[in-house]
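User: I have a protein chain to read. Please take me through its features one by one.

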Amino acid sequence: MNKLYIISSGAGGTSYITPEARQALDECEVVVSYSKYARELSELIEGKELFTSGMTHEIERCAQAIEYARSGKTTCIISNGDANVYGMATLVVELIDEQDLWDEIELISFPGVTSFLAAASKVGAPVSQDFSIISLSDRLTDINLIDKRVNMALECDFVMGIYNPKSKKRIVPYENFLRSLEKVDERIVVIAQHVGREAKEKITISTTTDLIKHGITHPEVGMSTLIIVCNSNTRLTKNGKVLTPRGYLNKYDMDGQKK
């Protein structure tokens, strides 16, 4: 059966791609990718037949990957982060289903470490309670629905991962997000830029007050930024790490005995 791999490359660079995904990448004859990700993975895809395209050409890439697979070539399509977190998995599955190609193509998807999880691991333990992940991009999602999700997540006291906060032209969803932050008490915020890309990576621990103060001109917030908004119980440790307690020490003594 023809094989099509969806390979999650993890959060930037090559540090977060899993051994399983690397093995699948080795097996591939053809690699389909967003141009930027292909450059980052150049050492892993050398000698492969390569098809790349720029931003907003997702349908073209997925369709081309399917055609390569149908022609009998073991093919993979690269998705940054995890393919199921604003990645390519949904579109590949939808296109195969629309064309009813399940008898022709064996689709195998490999998970990856998202920038949300990668950034969290570098600042302590900010995501130890229930969380939500929300994209502020309104290119495919109605802005009113995005606003509703942000407000409900804050009301439910979720830790929030905010993807695609703003671009040069797309600022209204971020402005609405800041207005929503004004409605709740100050919370700790993690601002993570270019996660996994060593030369550019920058992770800052801040507050919602700081985000609101800078407005849309915050120098560390752009398309390559992930924001983690912690919940009302999150605090800083004695050495400045971020801690969202799970609740163990509310229920148990330090020796593990129930209070």
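User: What share of the contacts between residues at least 6 apart in sequence join residues at least 24 apart?

Analyst: This is a predicted model. In the protein chain, 69% of the contacts between residues at least 6 apart in sequence join residues at least 24 apart.

User: Which pairs illustrate contacts across the sequence?

Analyst: Take A21, in helix α1 (residues 19–27). A21 and F110 are 89 residues apart in sequence, yet their C-alpha atoms are 5.9 Å apart. Neighbours within four places aside, A21 is in contact with I7, S8 and F110.

User: Is A21 buried or exposed?

Analyst: Buried, because its relative accessibility is 0%. The cut-off for buried is under 20%.

User: How many helices and strands does the chain have?

Analyst: The secondary structure comes to ten helices and 13 strands.

User: What about burial and surface?

Analyst: Buried residues make up 46% of the 259. The chain exposes about 13,600 Å², and carbon and sulfur atoms supply 49% of that area.

User: How many charged side chains are there, and how far apart are the centres of the two sets?

Analyst: There are 30 positive and 35 negative side chains. The centres of the two sets lie 8 Å apart.

User: How do I read the buried side of a helix?

Analyst: Start with the general idea. An α-helix has 3.6 residues a turn, so residues three or four places apart point the same way. Now the case: in helix α5 (residues 89–99), the buried residues are A89, L91, V92, L95 and I96.

User: What covers those buried residues of α5?

Analyst: The cover includes β1 (2–8), α4 (58–70), β4 (75–79) and β5 (105–110).

User: Which residue follows α5, and what is its phi?

Analyst: D100 follows α5, and its phi is positive, near 50°.

User: What does A153 touch?

Analyst: Residues up to four places away in sequence aside, A153 touches S132, I134, F158 and M160. A153 and I134 are 19 residues apart along the chain, and 9.2 Å separates their C-alpha atoms.

User: And T208?

Analyst: T208 belongs to helix α9 (residues 208–214). With 2% relative accessibility, T208 is buried. Its contacts, neighbours within four places aside, are L181, D185, E186, R187, V189 and V229.

User: How do I check for disulfides?

Analyst: First the idea. A disulfide is a covalent bond between the sulfur atoms of two cysteines. The cut-off applied to the sulfur pair is 2.5 Å. By this rule the count is zero disulfides. For C62, the nearest cysteine sulfur belongs to C76, 12 Å away, and C62 is in no disulfide. C76 is in no disulfide either: the nearest cysteine sulfur, that of C28, is 3.7 Å away.

User: Are C62 and C76 buried or exposed?

Analyst: C62 is buried, with a relative accessible area of 0%. C76 is buried too, also with a relative accessible area of 0%.

Methods:
Residues numbered from 1 in each chain as written. Predicted model: local features only at pLDDT ≥ 70, side-chain atom pairs only at ≥ 80, totals over all residues. Heavy atoms only, no water. Buried < 20%, exposed > 50% of the residue type's maximum accessible area, 1.4 Å probe, protein only. Contact = heavy atoms within 4.5 Å. Helix = DSSP H or I, 4+ residues; strand = E, 2+ residues; numbered from the N terminus. Areas by Shrake-Rupley, 256 points an atom, 1.4 Å probe, with all protein chains shown as cover. Lys, Arg positive; Asp, Glu negative; His and termini not counted. Charge placed at Lys NZ, Arg CZ, Asp CG, Glu CD.
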